[in-house]
Amino acid sequence: MAIIGMFFQNGLTGEAWGDWSLYTDSPLRAFEGELGVQAPVGFWDPLGLSADGDVDTFKRRRAAELKHGRICMLACIGYIVPEYFRWPGYLSPEKGIKFADMPHGIAAISKVPLEGWVQIVLFLGHYEGYFWRQDPKRAPGDYEGYGFLGAGKNFIFNFHPIEFKDPEVRKTKLAAEIANGRLAMVALMAMLFQNGTVGTTGPAMWLPAA
């Protein structure tokens, strides 16, 4: 991904390090100061999806990127933690399925009862349609009542969210979230690929036998 971006910038600016000051006609300049524009590729849009400079479309895509990144960060944790910790008790008392007996990763898809999937879909749908509705007056991914790490005055927690008053600290943390979310999206795809290839989520997934 990075090397493609480098070639793209090099071809447009004529400089190996992609100095955009040499490409004054770039349609991407409208967004080159946005969060997530990070070295070494800068504002990377090889397909020119932002070439029209539409701010509303950019904000919608940024909100989607943040949401997918957050979900993938949680999913990566969900891939690793169950290997070392399981909740006690039963996932389905009626069917006698314990949490300890439930595989995780791809194998869990066929093992979770239908009622479990219905609960998951309804929970996520309610979250998406009610709690995480994007307010056009707020920054992309910024939801009222959800502060640092999603904690604040919402239906899970009930205290004022942590807010960073220093604009530079806030900018650094928001940029880190975007970068970590992007890494998590790539990492999750690698985990799914490895899980499907080696058939396990255990140590063999991380250190396959030679």
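A disulfide, as I use the word today, is a pair of cysteine sulfur atoms within 2.5 Å. Hello everyone, and welcome to this structure. It is a predicted model, where local features need pLDDT of at least 70, side-chain atom pairs count only at pLDDT 80 or more, and totals for chains, interfaces and linings use all residues. Residues are numbered from 1 along each chain as its sequence is written, and side-chain values use heavy atoms, leaving out hydrogens and water.

Let's start with the cysteines. How many disulfides does a search of the whole structure find? The search finds zero. Take Cys-76: its closest cysteine sulfur is in Cys-72, 6.5 Å away, and that is too far for a bond. Cys-76 is buried, with a relative accessible area of 11%, and Cys-72 counts as buried at 12%. Here buried means under 20% relative accessible area, exposed over 50%, and partly exposed in between, with a 1.4 Å probe and protein chains only.

Which helix gives the most to the patch? That is H3, with seven residues. Helices H3 (114-131) and H4 (167-198) are the elements that give two or more residues; helices are DSSP runs of H or I, at least four residues, numbered from the N terminus. Trp-117 lies in H3, and at 33% relative accessibility Trp-117 counts as partly exposed.
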